[in-house]
Amino acid sequence: MWNVIRFIGYTVGGYALRGTYNWLTEDVDPTPGTKEFAKEYRKTYAKYQRMRRKYEAYKQHNKWSH
């Protein structure tokens with residue numbers, strides 16, 4: 001019985017540890033100057049521009065609505 005509990009504990013612990021490690025290492029930013037960095041930069045910059053346009057429209061709308 002004790003061996004079964006230990007086996008389950010080690011199995012669940014291993015999955016949790018591996019999942020945590022993968023989560024920590026997958027979000028590392030790419031090295032500048034690489035193709036992956038350029039792709040990530042373009043995606044982030046496009047998101048920034050969209051958010052900025054929405055903010056400007058919101059600000060303009062609220063200026064006239066008050």
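Trainee: In which helix do Tyr45 and Tyr48 both lie?
Mentor: This is a predicted model: local features need pLDDT of at least 70, side-chain atom pairs count only at pLDDT 80 or more, and totals for chains, interfaces and linings use all residues. Residues are numbered from 1 along each chain as its sequence is written, and side-chain values use heavy atoms, leaving out hydrogens and water. Helices are DSSP runs of H or I with at least four residues (strands, E, at least two), numbered from the N terminus. Tyr45 and Tyr48 are 3 residues apart, about one turn, and both lie in helix 2.

Trainee: What is the relative accessibility of Tyr48?
Mentor: Buried means under 20% relative accessible area, exposed over 50%, and partly exposed in between (1.4 Å probe, protein chains only). Tyr45 counts as partly exposed because its relative accessibility is 39%. Tyr48 is also partly exposed, at 48%.

Trainee: How many aromatic pairs does the structure hold, and how far apart are the ring centres of Phe37 and Tyr41?
Mentor: Rings of Phe, Tyr and Trp (its six-membered ring) pair if their centres lie within 6.5 Å; planes under 30 degrees apart count as stacked, over 60 as edge-to-face and the rest as tilted. The structure holds 3 such pairs. The planes of Phe37 and Tyr41 stand at 15°, so this pair is stacked, and the ring centres are separated by 6.4 Å.

Trainee: What is the angle between the planes of Tyr45 and Tyr48?
Mentor: Phe37 and Tyr41 lie in helix 2, 4 residues apart, about one turn of the helix. Tyr45 and Tyr48 form a tilted pair, 6.0 Å from centre to centre, with planes at 35°.

Trainee: Which residues form one aromatic cluster?
Mentor: Phe37 counts as partly exposed because its relative accessibility is 30%. Tyr41 is partly exposed as well, at 49%. The one cluster is formed by Phe37, Tyr41, Tyr45 and Tyr48.

Trainee: What is the relative accessibility of Arg52?
Mentor: Glu56 is partly exposed because its relative accessibility is 31%. Arg52 counts as partly exposed too, at 42%.

Trainee: Which residues gather in a patch of positive charge on the surface?
Mentor: Patches are made of residues with over 30% relative accessible area and no salt bridge, joining like charges within 9 Å and nonpolar side chains (Val, Leu, Ile, Met, Phe, Trp, Tyr) within 5 Å. Arg42 is found in helix 2, residues 35–65, and Arg42 is exposed because its relative accessible area is 55%. The positive patch consists of Lys39, Arg42, Lys43, Lys47, Arg50, Arg53 and Lys54.

Trainee: How far apart are the C-alpha atoms of Arg53 and Ala16?
Mentor: Arg53 is found in helix 2, and Arg53 is exposed because its relative accessible area is 54%. Along the chain, Arg53 and Ala16 are 37 residues apart, and their C-alpha atoms are separated by 41 Å.

Trainee: How much accessible area does the nonpolar surface patch of Val4, Phe7, Ile8 and Val12 have together?
Mentor: Ile8 lies in helix 1, residues 2–26. Ile8 counts as partly exposed because its relative accessibility is 48%. Together, Val4, Phe7, Ile8 and Val12 have an accessible area of about 410 Å².

Definitions and conventions: Accessible areas come from the Shrake-Rupley method with a 1.4 Å probe; for residues, only the protein chains shown count as cover. A salt bridge is a side-chain nitrogen of Lys or Arg within 4 Å of a carboxyl oxygen of Asp or Glu. Lys and Arg count as positive and Asp and Glu as negative; His and the chain ends are not counted. The place of a charge is taken as NZ of Lys, CZ of Arg, CG of Asp or CD of Glu.
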